[in-house]
Amino acid sequence: MSAPGDMPEEFQPDWSIHPGVVLRDVLAERGMRQAELAERTGLTPKHVNQIVKSSIGISSDVAVLLERALDVPARNWIRLESDFNAYESKRKARQKLNDYVGWAEEFDDETLWRHRIVDVGDKGVARVEKILKFFKVASPEAFEKIWLKPEVSFRRSQAFGVVEKNTALWLRLVQRAAEQVDVPPVRPRALRGALRTVPGLTTLTVLDGFPAAKRALAEAGVVLVFVREVPGTRVCGATTWLSKDRPVIGVTERHRKADILWFSIVHEIGHVLLHPRRTTFLDLDFDKDEKDDAEKEANEFAANALVDKGINAEIKMARSRQDLAFIAARLGVGTAIVAGRHAHLTNDWRTGASLRGKITDGDVAGLERM
């Protein structure tokens, strides 16, 4: 027992002992009574007895006295005290997590498992602790302040039955994916240049067009990521910021239509270019009349960026799939974009339905790997 407390730095036991227990063993090994230790250190017999009984700890000053009297380095006593206090703090904190078990159960299981936020077997406190670490908060109260209260879109969503915890889960997944991508600071002029390439990319399949858009936006300082929709969220896309010059655009497969995917991407580019930095915008699936001014502005921006509004009259006049395909070919945009515009202008969702295509499960899996 000449050096209690010495242990490899990487060793993290799930138990701890009070330094008083070690002191008791050292005294027994030396054949020294508590009264003698009190005399050697100048401490009162009561003080020594309280340490041995684990009623009080060992301060740094007392550790120095014990080093002189017992020839056990003060750093070892201090380390024992520190380890014990840290363990006790974590133990009490984990007991408090029992109060949060119901809160943790409200997040979507499949999403948590798919993204390895928790394991299938994680229950109770283990699940709570992993979810809190994923969101980088210490409690559900902190989660509310960081992930829900500041967001205008979350407040707006309360009237529409959106599962806000799962929406925050999706948004955090977008941020986590973006944290792994290195891009230069955003440059608005370069972003407008990248935007001009997007209409042409809509002629490609989503598995070919999306990575091309991702590269173009990255060169302009914007991270584009795909995270599949989480149940109960109704999110098509979002704009968030990792820092004042690092915007992130996240999109989902909401409605499984290519035109909606591309519209969501350009809609979020509009938020980056038009609206205040460090503001998070969630593109929730509500009617246009129910959106706030920023969402309406981003909608108009996206519509004009994909197909100039001067073409709307011609698109509205189209009467067949062939008409829509011809307009798309002339404009150099995907038939899905023109067909989707026609449906929104005329409320005729049948004529161009087949031209809008479908984002399949295979597409979703492929987009997640990008």
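Leaving aside its neighbours within four places in sequence, which residues is serine 264 in contact with?

**Entry 1: ground rules**

I am working with a predicted model, so I noted that local features need pLDDT of at least 70 and side-chain atom pairs count only at pLDDT 80 or more, while totals for chains, interfaces and linings use all residues. Residues are numbered from 1 along each chain as its sequence is written, and side-chain values use heavy atoms, with hydrogens and water left out.

**Entry 2: serine 264**

I found Cys236, Val251 and Asp283 in contact with serine 264, once neighbours within four places in sequence were set aside. Contact here means heavy atoms within 4.5 Å. Serine 264 sits in helix H15, residues 258-274. Helices (H or I, at least four residues) and strands (E, at least two) are DSSP runs, numbered from the N terminus. I looked up the accessibility too: serine 264 has 2% relative accessibility and therefore counts as buried. The cut-offs are under 20% relative accessible area for buried, over 50% for exposed, and partly exposed in between, with a 1.4 Å probe and protein chains only. A polar atom of the serine 264 side chain lies 2.8 Å from the backbone oxygen of isoleucine 260.

**Entry 3: glutamate 295**

Is glutamate 295 buried or exposed? I have it as buried, because its relative accessible area is 0%. Its place is in helix H16, residues 293-306. The side chain of glutamate 295 makes a polar contact of 2.9 Å with the side chain of histidine 267. For that term, I need a pair of N or O atoms within 3.5 Å; within protein, one must be able to donate a hydrogen and the other to accept it, and residues adjacent in sequence count only if both atoms are side-chain atoms.

**Entry 4: two positive phi values**

Serine 54 has a positive phi of about 65°, and it lies in the loop between helix H3 (45-52) and helix H4 (60-70). At 29% relative accessibility, serine 54 is partly exposed. Arginine 278 has a positive phi of about 70° and belongs to the loop between H15 and strand E4 (281-284). Its relative accessible area is 54%, so arginine 278 counts as exposed.

**Entry 5: H4 against H5**

How do H4 and helix H5 (residues 74-97) pack? Their axes are 8 Å apart, at an angle of about 135°. Axes are lines fitted to C-alpha atoms, for helices over the stretch in contact, and angles run from 0 to 180 degrees between N-to-C directions. H4 and H5 are therefore oblique to each other. Angles under 35 degrees count as roughly parallel, over 145 as roughly antiparallel, 65 to 115 as roughly perpendicular and the rest as oblique. On the H4 side I listed Ser60, Ala63, Val64, Leu66, Glu67 and Leu70, which meet Ala74, Trp77 and Ile78 in H5.

**Entry 6: H18 against H19**

My last stop was another helix pair. The axes of H18 (residues 321-331) and H19 (residues 335-346) come within 8 Å and cross at roughly 125°. That angle makes H18 oblique to H19. From H18, the contact uses Leu324, Ala325, Ile327 and Ala328; from H19, I noted Thr335, Val338, Ala339 and His342.
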